[in-house]
Amino acid sequence: MTATQYLADWRPYPFAIAETRLDFTLAARTTLVRSAIDFRRTGPGDLVLDGAGLKTLSMTIDRRPVDPALIRADQEKLIIPADQLPDSFTFEAEVQIDPEANTALEGLYLSGGMFCTQCEAEGFRHITWYPDRPDVMAPFRVEIHSDKPVLLSNGNPVNTAPGHASWHDPWPKPAYLFALVAGDLRAIPDSFTTASGRKVALNVWVRPGDEPRAGYAMESLIRSMKWDEEAYGREYDLDVFNIVAVDDFNMGAMENKGLNIFNSKLVLATAETATDGDYERIEGVIGHEYFHNWTGNRITCRDWFQLCLKEGLTVFRDQQFTSDMRSAAVKRIHDVQTLRARQFREDAGPLSHPPRPDHYQEINNFYTATVYEKGAEVIGMLKRLVGDEGYRKALDLYFDRHDGQACTIEDWIAVFQDATGRDLVQFKRWYTDAGTPRLSLTEEWANGKLVLNFRQHTAPTPGQAEKPARVIPIALGLIGPNGDEVLPTTVLEMTEERQSFAFEGLGARPVVSLLRGFSAPVTVAREMTADEQALLLAHDTDPCARWQAGHDLALDALIDRTRGKAGGEALIRALGGLLDDAEADPAFAALCLSLPGEEEIATTIAASGAVPDPDAIHAARRGLVQDIAEAHEVALTRLFDAMAPQGPYRPDADGSARRSLRLACLGYLGRLDDGSRADTLFTDAGNMTERQGALEQLIALDRDADALARFAAEFRDNRLVMDKWFMVQPLRAAPEKAVARARALAARPDFDWKNPNRFRALISGLTANHAGFHAADGSGYDFLADWLMKLDPVNPQTTARMCSAFETISRYDTGRQEKARAALRRIAAMPGLSRNTSEMVTRILA
Ligand code: PHE
Ligand code: ZN
């Protein structure tokens with residue numbers, strides 16, 4: 001039985017910590033952890049410490065033994081009654097832990113012979129007894145004894161000698177930001193001088209031999225440090241900044257103070273092994289973790305319900321960083337695509353929750369698209385409402401007022417209110433209410449006057465039936481019938497359920513360019529003709545709205561085709577115009593050429609109240625690709641050739657724009673040339689972007705045997721590249737072959753399923769193959785369930801995250817639903833199922 005945690009139950013911790021001292025003697029099976037914590041009473045109550053799976057050798061308070069009977073192993077707590085405690089005291093403990101047995105990758109574990117830690121959210125309790133909650137902050141001193149050559153922890157190094165190192169972190173921090181690394185590592189060293197002249201030593205630590213692959217990560221770190229000074233006035237605050245790459249990691253990366261730990265796939269890159277997308281993610285995530293130093297570390301969260309306080313803000317900051325480093329328009333469109341694909345999907349199903357949830361069973365299940373990406377969108381809206389200057393003032397006040405504190409969303413909203421004078425009571429609903437509002441628009445036109453009637457509606461979500469109106473910033477413009485912009489971007493503030501806005505003195509009826517810059521995370525319902533969509537696609541001045549128009553045009557055509565109707569003529573015509581001047585903006589052309597994915601088509605059909613048929617959707621999309629290819633063969637061929645590489649590979653915006661357009665053209669041309677261009681490109685390409693693109697095309701055309709074998713022979717020893725090999729096969733296989741392929745791959749000896757990257761590569765490759773995963777016979781569901789049951793006892797966190805593949809099942813036909821539910825019930829019935837997976841399965845089945 002697992003207890004639910006409630007936001008309403010939060011109480012202040014009754015002690016402050018003056019200093020935490022830790023001493024590690026590392027050994028794979030028997031690591032000894034000695035701790036000394038200086039407590040001072042600040043309020044009434046017992047001393048409650050968290051500990052999980054610890055072998056406790058001794059515990060004392062001011063050197064007097066603590067009765068081991070006070071350990072409540074079932075609750076993973078040690079509770080020392082208030083009357084046994086002086087007002088100030090030192091708690092000391094000696095515990096033994098087993099890093100080698102730690103396959104869950106929470107706490108201290110081994111990855112390829114290297115000791116490393118992961119403590120967010122509640123990993124520190126697997127290391128020693130401690131108040132493992134984010135509002136208890138302390139400076140740390142750490143001693144490490146080990147024969148590993150490199151011994152790292154947070155803060156500044158105090159002493160290093162062979163076999164021993166000591167570290168001091170003067171900045172008070174919660175235990176979730178603790179980190180330790182010990183291994184045979186090599187550094188890419190560099191340095192950065194801050195605006196106020198402090199010289200910081202920088203290192204990216206990798207395994208011997210990987211040094212040539214870590215340069216881009218270092219460059220990205222330096223760009224991040226500079227950007228945070230320029231954009232937010234935030235300087236780094238220690239003498240050293242270390243980044244370590246590890247192969248076994250549940251998530252992307254972790255912002256431990258002064259010692260970020262990264263999944264190696266977000267550090268290591270060369271042109272031959274990493275794609276443009278990989279490079280962009282590396283830069284973005286290096287930035288993200290670095291930016292946490294202020295938004296997360298210097299100012300942290302009071303409790304885990306406030307997770308979006310640090311994550312939403314830090315995602316928003318990393319998005320700003322990427323748009324400054326690359327193309328702002330392309331970045332925004334990519335972010336909108338991800339938000340829709342992941343967060344709207346989450347919000348439309350049984351896992352829907354607000355950016356600030358008010359209850360959970362397992363906090364690891366709340367590192368979600370809603371907390372991260374919607375959390376960032378909410379800040380984007382706030383910025384739009386208070387303006388750039390108001391935003392800067394509010395952020396300055398936030399850093400000023402809350403430095404060194406553990407804060408709440410209320411604190412965050414208060415700085416905006418205090419800095420700008422704006423009342424944000426209604427705005428706060430974006431944090432507390434779940435669900436994606438649906439914004440409908442109807443228009444009235446007469447005598448040069450256009451009236452826009454808006455209505456907002458949010459469907460009920462689990463536990464929240466009532467959905468009061470929210471503040472919705474609606475950025476729009478008007479485009480005249482000749483393509484001229486007759487109204488530049490204007491922001492309307494909608495606060496009621498229904499609201500109308502009028503525009504007068506217009507010559508001819510314009511087309512509304514709605515939700516410019518994607519000004520609010522809402523879905524839109526409006527009637528538009530294909531001609532109106534084509535007009536916006538040709539003339540809109542806002543890249544987001546312009547792309548959206550083309551996307552809607554394609555989506556409508558695809559949905560018509562799933563219903564057996566003709567569709568796509570207007571799209572095909574519009575694409576003709578776009579292809580003619582695609583060279584002026586290759587990234588935009590590539591975005592328009594990538595038709596909506598099958599998952600999104602299914603979502604749109606479901607939102608209209610119909611039942612999506614995965615096979616019909618697949619066929620419709622394939623048919624449209626074929627028709628576009630045939631209609632535009634000449635232009636596509638010309639562009640494919642024109643976008644051939646010029647000079648050496650560079651992972652920048654311009655180069656990746658050209659490659660994305662080239663691969664988009666290849667996706668069509670492959671349907672006409674039977675894969676011969678893909679074959680040639682696969683052999684000749686000098687970079688992984690084109691290589692992988694060609695390989696995916698060959699798999700889709702079922703002409704992959706030779707290429708796959710060559711790829712595997714070449715990259716056998718590179719785990720990250722082999723992850724791609726495992727991922728693209730089930731992802732791009734024809735639906736009827738996807739499960740069988742996944743099954744064959746899972747039987748290979750190099751399917752190292754205990755490694756989260758490898759597991760996710762194969763399994764998410766399959767679940768992202770929409771018609772393949774949703775095979776009518778339920779084989780996709782069974783395959784997933786079997787593997788989730790196998791992984792759960794080993795790694796509950798990764799297992800639970802992957803349960804979300806089931807979150808959309810209720811939109812499909814009863815046959816599929818029953819098969820998916822049976823698979824989920826099988827998981828639910830497994831003896832010893834983890835709290836993580838149990839919570840996910842229960843919520844999905846509810
Ligand atoms: N805090 C990390 C980030 O967003 C994510 C993370 C959470 C990593 C939990 C590991 C474990 O940057
Ligand atoms: Zn983060």
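Predicted model: local features only at pLDDT ≥ 70, side-chain atom pairs only at ≥ 80, totals over all residues.

Q: OK, so is phenylalanine 291 buried or exposed?
A: Phenylalanine 291 has 28 other C-beta atoms within 10 Å, and therefore it is buried.

Q: Where is phenylalanine 291 placed, and what is it in contact with?
A: Phenylalanine 291 is in helix α2, which covers residues 276–291. If its neighbours within four places in sequence are left aside, phenylalanine 291 is in contact with Ser224, Asp228, Thr314, Arg317 and Asp318. Leucine 313 is 22 residues from phenylalanine 291 in sequence, and their C-alpha atoms are 9.4 Å apart in space.

Q: What does UniProt list for residues 216–430?
A: An unreviewed UniProt entry places the feature "domain: Peptidase M1 membrane alanine aminopeptidase" at those residues. In the model, the span 216–430 is 56% helix and 9% strand, and its end C-alpha atoms lie 37 Å apart.

Q: And what about residues 49–175?
A: For residues 49–175, the unreviewed UniProt entry lists "domain: Aminopeptidase N-like N-terminal". That span is 0% helix and 51% strand, with its end C-alpha atoms 12 Å apart.

Q: Which residues are joined by a cis peptide bond?
A: Glutamate 120 and alanine 121 are joined that way, with omega at about 0 degrees. Alanine 121 is found in the loop between β11 (114–118) and β12 (138–145).

Q: Which residue has a positive phi of about 75 degrees although it is not a glycine?
A: That is arginine 63, which has its place in the loop between β5 (55–61) and β6 (64–65). Arginine 63 counts as exposed, because it has 8 C-beta neighbours inside 10 Å. Glutamate 76 also is not a glycine and has a positive phi, in its case of about 55 degrees. Glutamate 76 sits in the loop between β7 (71–72) and β8 (77–80), and it is partly exposed because 17 other C-beta atoms lie within 10 Å.

Q: Switching topic, how many residues are in the largest nonpolar core?
A: The largest nonpolar core has 243 residues, and those with the most contacts inside it are Leu180, Val181, Val244, Ile261 and Val267. Helix α5 (residues 369–402) gives the most to this core, with 11 residues. Leaving aside neighbours within four places in sequence, the contacts of leucine 180 include Phe24, Leu108, Phe115 and Val142.

Q: What is the strand order in the open sheet of three strands?
A: The order is β28-β27-β30, and the pairing is antiparallel. Strands β28 (485–494) and β30 (511–513) stand at the edges with a single partner strand each, so one side of each is left without a neighbour in the sheet. From one strand to the next, the twist averages 30 degrees. Helix α8 (residues 530–539) packs on the sheet and touches β27 and β30, its direction making about 55 degrees with that of β30.

Q: Last one, at what angle do helices α19 and α20 pack?
A: Helix α19 (residues 719–732) and helix α20 (residues 735–746) pack at an angle of about 155 degrees, and their axes are 8 Å apart. That angle is why α19 is described as roughly antiparallel to α20. Where they meet, Phe726, Gln729 and Pro730 are in α19, while Ala738, Arg741, Ala742 and Leu745 are in α20.

Terms used
Residues numbered from 1 in each chain as written. Chains lettered and ligands numbered in written order. UniProt positions renumbered as here; feature names shortened; annotations may be inferred. Helix = DSSP H or I, 4+ residues; strand = E, 2+ residues; numbered from the N terminus. Pairing = 2+ DSSP bridges. Axes fitted to C-alpha atoms, helices over the stretch in contact; angles between N-to-C directions. Contact = placed C-beta atoms within 7 Å. Buried ≥ 20, exposed ≤ 12 C-beta atoms within 10 Å, placed from the backbone. Core = buried A, V, L, I, M, F, W, Y, C linked by C-beta atoms within 7 Å. Parallel < 35°, antiparallel > 145°, perpendicular 65-115°, else oblique.
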